[in-house]
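I opened this model to look up a few charged side chains and what surrounds them. My entries follow in the order in which I made them.

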Amino acid sequence: MSRYIQLHILTSYPAANLNRDDLGRPKTMTMGNTQRLRVSSQSLKRAWRTSDAFAEALGGALGTRTKEIGKYAYKALTCGVTLHEAIDGVETGGLSTLKENKAVAIGRAIGSVFGKIKAKYEKKKDDVESSMKALLESLETEQIVHLSPAEIEGVAALVEVCRASGKVPEGEALDLLRADAASADMALFGRMLAASKRFNVEAAAQVAHAFTVHTAAVEEDFFTAVDDLNKEDAGAGHMGVAEFGAGLFYLYVCIDRELLRETLGDDNLTARTLRALVEAACTVSPTGKQNSFASRAYASFCLAEKGDEQPRSLAAAFLKPLNSEKGDLLADAVERLLGRRDSLNSVYGQDLASECFNVADGGGSLRAVCGFIAE
């Protein structure tokens, strides 16, 4: 079985703002002394983790990234609902409830298992609405943490124990972290717990930031909105500027299959996880500004490789930005990519097994690529 699986994907996006910086502009980078548009790996992984492709393939094997587990434990105990109902937004139920102070103490105890809990809230008498918001925020951990389904179930069970006893859990009752029950997404993208390092999970998948294979500019769209009930003033009801960019993006993903199998401990789940990752990487777009741009796109080209040699990105194929010499940017990008692959193989004496599809000529298929990397 080959240890490393590498994906090289080309996806063309029309006008889009898939991943914004702190000013609301599409993210950029400089490569080959020219500006490129960029989509961060964090944005891509979030879109894949929460995609239908992952949900359908991996179902109950997906984890939850949150800093609010203590808050939902509190809500379950004060609203008379289970933890799962509280997470689903159910506000009232028929289960017994605990007083606020006791529920707060239990929520803080549970939340502190997964990270540093925020400072304790001091109640204010004259501002009920903001006081409740501040109280709930005080039950959050400082950082987002990735919880597996087994850990969520452990919290749910502990909430019911606390409901029945009315006591704040301590000692072994708070052994909620699991080292042997990682979810599929946790196995792929990892988990880091600074205070509980033995429960860290090393990521099996490395995801590069996607970037345009050509020079690209951030453009501005001046827009106006019309007030439907305005009968007297011919002017716009609102004016604004939306920034966007367009281009052909190269994405590189490297997966350590042995590490993924070791973390999951299940051949079937490993194969399903790999297929889901490839399908999501080729068909799922980040959600940024989709309502404004509808920039959803499938990959136009995907090259999958597997072998035991040290992995290498083919990003250097685009160090010199493409200028569409042949008037066909995708064809030029594929030619550059495969040329770089062949040159590396020649120089370093590599001969990686591979499979690909190319939408431009209808060659290959996503099904074949998924089967290739999962076998």
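**Salt bridges**

I began with Lys71, which forms a salt bridge with Glu68, their closest N and O atoms being 3.0 Å apart; I took a salt bridge to be a side-chain nitrogen of Lys or Arg within 4 Å of a carboxyl oxygen of Asp or Glu. Lys71 counts as buried because its relative accessibility is 11%, where buried means under 20% relative accessible area, exposed over 50% and partly exposed in between (1.4 Å probe, protein chains only).

I noted that this is a predicted model, in which local features need pLDDT of at least 70 and side-chain atom pairs count only at pLDDT 80 or more, while totals for chains, interfaces and linings use all residues. Residues are numbered from 1 along each chain as its sequence is written, and side-chain values use heavy atoms, with hydrogens and water left out.

Next I looked up Glu160, which forms a salt bridge with Arg163 at 2.9 Å between the closest N and O atoms. Glu160 and Arg163 are separated by about one helical turn, because they are 3 residues apart in helix H7; helices (H or I, at least four residues) and strands (E, at least two) are DSSP runs, numbered from the N terminus. Glu160 is partly exposed, with a relative accessible area of 29%, whereas Arg163 is buried at 7%.

I then turned to Asp267, whose salt bridge with Arg261 has its closest N and O atoms 2.3 Å apart. Asp267 is exposed, with a relative accessible area of 54%, and Arg261 is partly exposed at 28%. A search of the whole structure finds 11 salt bridges.

I found Thr270 in helix H10 (residues 267-283), where it is buried, with a relative accessible area of 2%. Leaving aside residues up to four places away in sequence, Thr270 touches Leu260, Arg261 and Leu264, contact meaning heavy atoms within 4.5 Å. Thr270 and Glu258 are 12 residues apart in sequence and 9.5 Å apart in space, C-alpha to C-alpha.

Glu258 itself is found in helix H9 (residues 257-264), and its relative accessibility of 38% is why it counts as partly exposed. Which residues gather with Glu258 in a patch of negative charge on the surface? I listed Glu202, Glu262, Asp308, Glu309 and Asp351 beside Glu258; such patches are made of residues with over 30% relative accessible area and no salt bridge, like charges being joined within 9 Å.

**Ser148**

I also checked Ser148, whose place is in the loop between strand S5 (145-147) and helix H7 (149-165). Is Ser148 buried or exposed? At 1% relative accessibility, Ser148 counts as buried, and, not counting residues up to four places away in sequence, it touches Gly63, Ala181, Ser183 and Met186.

**The whole chain**

Last, I recorded that the chain has 13 helices and 11 strands, and that its C-alpha trace spans about 70 × 70 × 35 Å along its principal axes. Buried residues make up 48% of the 375 residues in the chain. Among contacts between residues at least 6 apart in sequence, 72% join residues at least 24 apart.

Note on methods. Patch = residues over 30% accessible without salt bridge, like charges linked within 9 Å, V, L, I, M, F, W, Y side chains within 5 Å. Areas by Shrake-Rupley, 256 points an atom, 1.4 Å probe, with all protein chains shown as cover. Lys, Arg positive; Asp, Glu negative; His and termini not counted. Charge placed at Lys NZ, Arg CZ, Asp CG, Glu CD.
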